[in-house]
Amino acid sequence: MKIGFTARALVSACALGAAGLLALAPVSASAHPGHDPDPPRAPRATPPPALLYRSGTQVRPHADAPALPRLSARSWLVADAGSGEVLAAHEAHRPLPPASTLKTLFALTVLPTLPAGVPHTVRPEELAGIGPGSSLVGVAEGRTYRVADLWRGVFLSSGNDAVRVLAALNGGWRATAARMQEKARALGALDTRVLSPDGYDTPGQVSSAYDLAVFGRAGLRNADFARYCGTAEALFPGAGGPPYGIRNTNRLLTGADGVARYPGAIGVKNGYTTEAGNTLVAAARRGGRTLVVTVLNPRAGGGHAVYEEASALLDWGFGAAGRVEPVGSLDGRRARPGPGPRAVPVVASAPPERRVGWAEACAIAGAAGMGAGAVSLVTRGRTE
């Protein structure tokens with residue numbers, strides 16, 4: 001990674017170091033600090049706490065509720081992203097391989113630790129260990145990328161090469177997996193076991209429709225996550241040549257390959273591996289209401305069935321508004337936060353960037369009560 005860096009990146013480094021590198025998500029210019037675009041709604045009748053652990057399909061319809069669509073997925077869930085109410089689910093806590101939908105948890109864990117504008121020159125060892133047949137965005141060793149470029153490679157192309165580099169900047173592959181596991185527990189996602197941060201098939205690695213919906217919902221509340229996962233097309237730096245176009249592999253967002261774009265689609269992430277089959281976390285907004293759905297491993301209908309079944313669930317969820325009682329909550333297993341100071345959001349507006357040297361960096365870090373190691377962590381991106 002280049003030793004030169006911007007004053008803005010340094011301020012981010014100081015804030016991160018002073019907070020013990022806690023996950024404070026940056027706020028984009030279009031977002032307002034402290035503003036929740038989907039404020040929680042008052043919960044309705046409380047369902048039995050273990051309802052989502054029962055086998056089969058769980059739904060509590062009123063007499064005028066629409067009928068659930070016929071689905072072939074091994075597991076699925078539809079929830080209101082604002083209130084967290086689960087409207088219906090099938091085998092919600094069944095442990096299954098998640099494929100690249102696990103990248104939602106990767107992003108929730110790593111996004112807050114790496115300033116988007118920081119440049120990094122990729123080293124050969126950072127691309128080692130990519131699984132055969134992995135999806136790639138085309139990261140090249142010796143090429144310098146901004147962190148934001150790598151995130152577009154993760155969200156749009158599901159690039160396992162981009163995940164490898166970002167994980168290296170986050171302290172390494174195993175450290176990132178461990179931090180992802182901690183993040184999952186903090187969110188109340190207790191079905192998830194992380195062994196490979198990119199979601200590549202690994203014996204024992206599992207998640208669930210419930211947990212993945214938790215990750216998708218949490219991601220939509222992070223301005224940077226929401227922007228990346230909702231981007232349909234972007235340019236990616238070429239290896240020794242001009243930038244080239246990449247397109248989001250979530251077909252509900254792009255309407256590609258014969259799949260109709262879902263009206264109001266805003267993200268989140270799709271995946272596929274041999275063991276997991278097709279997987280999808282999808283979200284859409286309509287009439288001021290946002291739904292998040294998870295569909296894992298449809299067993300009929302071909303490669304596009306995951307999108308067709310997700311679309312059917314979204315249609316049902318919007319049509320069922322006010323006509324079903326919740327069968328659970330995405331907040332149901334999350335620990336209550338302990339007492340402590342309120343987090344200070346990163347201010348969206350900032351002065352123009354300027355380059356500073358290492359001596360000035362250390363001086364600024366010292367003024368903030370940090371050591372040079374804290375500056376090194378952010379500017380070099382490694383703790384090893």
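**Exercise 1.** Determine which residues form the contact between α2 and α6, and characterise the geometry of this packing.

*Solution.* On the side of α2, the residues are Thr-104, Leu-105 and Leu-108; on the side of α6 they meet Leu-212, Phe-215, Ala-218 and Gly-219. Sorted by class, this contact comprises five nonpolar and two polar residues, with no charged residues. The model in which these contacts are found is a predicted one.

Next, the axes are considered. Those of α2 and α6 (residues 209–220) come within 9 Å and cross at roughly 45 degrees. An angle between 35 and 65 degrees counts as oblique, and the two helices α2 and α6 are therefore oblique to each other. The handedness of their crossing is left-handed.

**Exercise 2.** State how α2 is oriented relative to α5, and list the residues through which they touch.

*Solution.* The axes of α2 and helix α5 (residues 173–186) cross at roughly 95 degrees and come within 9 Å. This angle makes α2 roughly perpendicular to α5. From α2, the contact involves Leu-105, Phe-106, Leu-108, Thr-109 and Val-110; from α5, it involves Thr-176, Arg-179, Met-180, Lys-183 and Ala-184. The class count for α2 with α5 is six nonpolar, two polar and two charged residues.

**Exercise 3.** Describe the packing of α3 against α4 by angle, distance, handedness and composition.

*Solution.* Helix α3 spans residues 147–155 and helix α4 spans residues 160–169; their axes lie 8 Å apart at an angle of about 135 degrees. That angle makes α3 oblique to α4. The crossing in which α3 passes α4 is left-handed. Val-147, Leu-150, Trp-151, Gly-153 and Val-154 of α3 make the contact with Ala-162, Val-163, Val-165, Leu-166 and Leu-169 of α4. By class, the contact of α3 with α4 has nine nonpolar residues, one polar residue and no charged ones.

**Exercise 4.** Classify the ring pair of Phe-106 and Trp-151, and locate its two members.

*Solution.* The structure holds six aromatic pairs. In the pair of Phe-106 and Trp-151, the ring centres are 5.5 Å apart and the planes stand at 45 degrees, so the pair is tilted. Phe-106 belongs to helix α2 (residues 103–110) and Trp-151 to helix α3, so the pair ties together parts 45 residues apart in sequence.

How values were computed:
Residues numbered from 1 in each chain as written. Predicted model: local features only at pLDDT ≥ 70, side-chain atom pairs only at ≥ 80, totals over all residues. Heavy atoms only, no water. Axes fitted to C-alpha atoms, helices over the stretch in contact; angles between N-to-C directions. Helix = DSSP H or I, 4+ residues; strand = E, 2+ residues; numbered from the N terminus. Parallel < 35°, antiparallel > 145°, perpendicular 65-115°, else oblique. Left-handed = near helix turned anticlockwise from the far one by under 90°. Contact = heavy atoms within 4.5 Å. Nonpolar A, V, L, I, M, F, W, Y, C, P; charged D, E, K, R; others polar. Phe/Tyr/Trp six-rings, centres within 6.5 Å; stacked < 30°, edge-to-face > 60°.
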